[in-house]
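Visitor: I am new to this structure. Please give me a close look at one part of it, and take me onward from there.

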Amino acid sequence: MAKFLFVTDLDNTFVGNDNALFELSDRLQQTRQEHGTKIVYATGRSPILYQKLKDEKNLLEPDALILAVGTEIYLDGSDAPDSEWSGKLSSGWNREVVVSTTTRFPELVPQPDSEQRPYKSSFFLQEEAAARVLPQLELELQESSLDVKLIYSSGIDLDIIPRRSDKGQAVQFLRQKWKFVAEQTVVCGDSGNDIALFAVEAGRGIIVGNARPELLQWHNEHPARSRYLATNFCAGGILEGLKHFGFLK
Ligand code: GLC
Ligand code: MG
């Protein structure tokens, strides 16, 4: 067994199947100690909501954290986001203009204050309205000279973030820093904000058995042999995929 870079979404991917999470954490801890595998969580959560989940589920300490849909990277247990990464996100981003543009859409309901971050503005948007609102909102944001992208997940969560950031680009940053090739990298996810993780070429991907329709649809439209669709749910699907790729026995 060789070392690898293990990247996983948290909600409904790493977390959501307690027995399997227990077994997976044990196996990961072991390969980290024996081979130097790196463990990274990549989540939409803010630092506050991440800490809450970490305490509730007693999550393993990661080697790096990607929070707020890839707009914040925390290395080696630091409380401060990596400034090299944040520095790349400011051009084409203006929080006030994003917020004032969104007020023209009554369908967008702001998420709690804790989830509004320096480079992430988040809303609830009902699925029935999404197909109509998203293209129109995107156009208006472009017209305001913003360089942003819209990420819609789980039929409810809308994140507006700088175009140069997402979970996938944050992983690329860590891969370069730690010198892992794509073939030694495995990413796991279940929903829309994980698509960027799977879009990285040649990287190994595990889609858990309980994945959301938006991710499955993207997977069907962009098939890749380096991506494994698991049968089991959450951490059970991750264990299945890690064995499929030979990262675990
Ligand atoms: C997490 C975040 C939320 C975000 C969602 C999808 O639930 O707390 O702000 O919209 O992930 O990325
Ligand atoms: Mg998820």
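Guide: How many disulfides does the count come to? The count comes to zero. A disulfide here is a pair of cysteine sulfur atoms within 2.5 Å. In general terms, such a link is a covalent bond between the sulfur atoms of two cysteines. Take Cys-188: the closest cysteine sulfur is in Cys-234, 11 Å away, so the gap is too far for a bond. From the side of Cys-234, the closest cysteine sulfur is that of Cys-188, again at 11 Å and too far for a bond. Cys-188 is buried, at 0% relative accessible area. Cys-234 is buried too, at 3%. Buried means under 20% relative accessible area, exposed means over 50%, and partly exposed lies in between, with a 1.4 Å probe and protein chains only.

A word on the ground rules. This is a predicted model, in which local features need pLDDT of at least 70 and side-chain atom pairs count only at pLDDT 80 or more, while totals for chains, interfaces and linings use all residues. Residues are numbered from 1 along each chain as its sequence is written, chains are lettered from A and ligands numbered from 1 in the order in which they are written, and side-chain values use heavy atoms, with hydrogens and water left out.

Helices (H or I, at least four residues) and strands (E, at least two) are DSSP runs, numbered from the N terminus. Thr-185 is buried, at 4% relative accessible area. Its side chain reaches the backbone oxygen of Val-181 at 3.0 Å. That is a polar contact: a pair of N or O atoms within 3.5 Å; within protein, one must be able to donate a hydrogen and the other to accept it, and residues adjacent in sequence count only if both atoms are side-chain atoms.

Next, the metal. Which residues are the protein donors of the magnesium ion (ligand 2)? They are Asp-9 (OD), Asp-11 (O) and Asp-190 (OD), at 2.1 to 2.3 Å from the ion. Along the chain, the donor spacing reads D-x1-D-x178-D. Donors are N, O and S atoms within 2.8 Å of the metal (3.2 Å for Na, K and Ca); water is not among the atoms, so sites may look incomplete. Asp-9 is buried, at 4% relative accessible area. Asp-190 also counts as buried, at 4%.

Now ligand 1. Among the residues around it are Arg-45, Gln-111, Glu-115, Ser-122, Asp-157 and Asn-193. Such a residue has a heavy atom within 4 Å of the molecule. A polar side-chain atom of Gln-111 lies 2.5 Å from an oxygen atom of ligand 1.

Gln-111 leads on to a sheet. Its place is the loop between strand 5 and strand 6. Gln-111 counts as buried, at 10% relative accessibility. Ser-122 is 11 residues away in sequence and 5.6 Å away in space, C-alpha to C-alpha.

What is the order of strands in this open sheet? Four strands run in the order 5-6-8-7, with antiparallel pairing. The edge strands, strand 5 (109-110) and strand 7, each pair on one side only. Two strands pair if DSSP finds at least two bridges between them. Strand 5 and strand 6 (residues 121-124) are joined by two bridges. There Val-109 stands opposite Phe-124. Strand 7 and strand 8 (residues 157-162) share six bridges and run antiparallel. Val-148 of strand 7 (residues 148-153) faces Pro-162 in strand 8. The two strands form a hairpin with three residues between them, and Ser-154 in the turn has a positive phi of about 60°. Five of the six residues of strand 7 are buried, so the strand is largely enclosed by the rest of the structure.

Last stop: Arg-164, in the loop between strand 8 and helix 6 (167-178). Arg-164 is partly exposed, at 38% relative accessible area. Arg-164 and Gly-70 are 94 residues apart in sequence, yet 9.6 Å apart in space, C-alpha to C-alpha.
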